[in-house]
Amino acid sequence: MIEMKVQIVGSGVVGQATGRGLCVKGHDVTFVDINADVLRPLHESGYKVSMSIVKDVDATLISVPTPTARGRLVTDYIEAASKSVGRAISGGDYQVVVMRSTVPPGTVEDVVIPILEDASGMTVGRDFGVCMNPEFLIAKTADEDFLNAKSFIVGEYDARSGGVMDEMYRPWDVPVIHMPIKAAELLKYTSNVFGALKITYFNIIGKVAEGLGLEARTLVETVAEHSHVLQNPKYGIYPGQPYGGMCFPKDTLAFIEYLRSNGTAKYSTLFEAMHQINHSIAKDTNVTIPEYAEV
């Protein structure tokens with residue numbers, strides 16, 4: 001294994017879990033943050049820390065917050081970090097700048113790379129590399145999740161950039177899956193938003209079960225363990241294939257009507273939207289599905 005010099009810019013939950021895990025695997029890690037209170041316990045635990053970005057490293061991992069305000073992504077932290085990193089790497093040896101923060105597709109290529117090039121006076125691909133490396137960590141178990149990762153996703157600007165990530169993750173001996181940067185950005189949102197949708201769906205089912213006097217937890221656990229839809233992880237994931245057949249369209253409409261008629265109409269909007277979107281996709285892909293009724 002090649003020991004790499006890595007700095008973590010933004011030492012929050014993701015940054016700390018990532019940095020500690022890289023240390024465990026034998027890399028030389030420096031935690032960077034503008035908040036001394038964040039760095040103090042890391043320093044006291046024996047980790048390298050800095051309030052300014054280090055110049056000579058093999059990889060810089062950006063793990064700063066990406067909050068939303070009024071429903072829109074705030075990119076201020078991403079932009080500020082990118083500018084600081086760009087200034088720091090100016091004139092230095094080749095390194096890879098890695099986005100760990102969750103950002104919409106196009107952010108790295110349309111926002112981050114131009115800032116890095118402008119601030120450094122250098123050219124991506126020639127003077128430095130860029131990757132998108134989404135994380136899949138749960139806050140309470142972030143350290144364990146990172147150390148026990150089954151695979152790593154790397155959106156790469158070019159093969160040289162991705163090769164540095166291969167070396168960084170080599171100690172894990174798990175697959176490193178390479179793809180375009182935009183694909184890695186979209187993959188993270190695909191995972192997170194589906195998680196939110198799944199939670200919302202089962203909360204609705206829970207409300208319906210409670211209204212019927214049923215024990216909701218037992219019901220949803222039984223569905224999770226025995227439904228072929230949930231047992232097969234690839235069921236329904238392929239684009240361009242709306243749901244149809246004899247069951248799904250009519251049962252969706254019947255369930256919408258049931259919600260409307262039993263004091264839970266406010267929960268029907270998710271399924272109404274789902275039904276309408278399914279019809280739109282069927283129309284766009286020239287797929288015929290049964291027309292039982294209109295929502």
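**Largest pocket**

I began with the largest pocket of this predicted model, whose volume comes to about 2,200 Å³. I took a pocket as an open set of points, on a 1 Å grid over the protein atoms alone, with protein on both sides within 12 Å along at least five of seven lines, and I counted as lining any residue with an atom within 4 Å of a point. Its volume is the space filled by probe spheres set on the points, which are joined across faces, edges and corners. Of the 38 lining residues, I found F194, L197, V229, G236 and M274 to be the closest to the centre.

I then looked up which elements give two or more residues to this lining, and noted helix 7 (181-211), helix 8 (216-226), helix 9 (228-231), helix 10 (248-261) and helix 11 (269-284); helix 7 gives the most, with 9 residues. Helices here are DSSP runs of H or I with at least four residues, strands are runs of E with at least two, and both are numbered from the N terminus. Sorted by class, the lining has 26 nonpolar, 10 polar and 2 charged residues, where Ala, Val, Leu, Ile, Met, Phe, Trp, Tyr, Cys and Pro count as nonpolar, Asp, Glu, Lys and Arg as charged, and the others, Gly among them, as polar.

**Conventions**

I number residues from 1 along each chain as its sequence is written. Local features need pLDDT of at least 70 and side-chain atom pairs count only at pLDDT 80 or more, while totals for chains, interfaces and linings use all residues, and side-chain values use heavy atoms, with hydrogens and water left out.

**Second largest pocket**

The second largest pocket has a volume of about 540 Å³, and among its 24 lining residues G10, D33, S63, V64 and P65 lie nearest the centre. Helix 1 (13-24) and helix 3 (76-89) each supply at least two residues of this lining, and helix 3 gives the most, with 4 residues. By class I recorded 12 nonpolar, 9 polar and 3 charged residues.

**Cavity**

I found 1 cavity of 30 Å³ or more, a cavity being a set of points where a 1.4 Å probe fits but cannot get out. The residues that line it are I62, V97, V98, M99, V108, V112, V130 and C131. Strand 7 (96-99), helix 4 (107-120) and strand 8 (129-132) each give two or more residues, and the largest share, 3 residues, comes from strand 7. The lining has 8 nonpolar residues, with no polar and no charged ones.

D173 counts as exposed because its relative accessibility is 72%, and N286 counts as exposed because its value is 73%; exposed means over 50% relative accessible area, buried under 20% and partly exposed in between, with a 1.4 Å probe and protein chains only.

**Whole protein**

Last, I noted 11 helices and 10 strands, a C-alpha trace that spans about 65 × 45 × 40 Å along its principal axes, and a buried share of 38% of the 295 residues.
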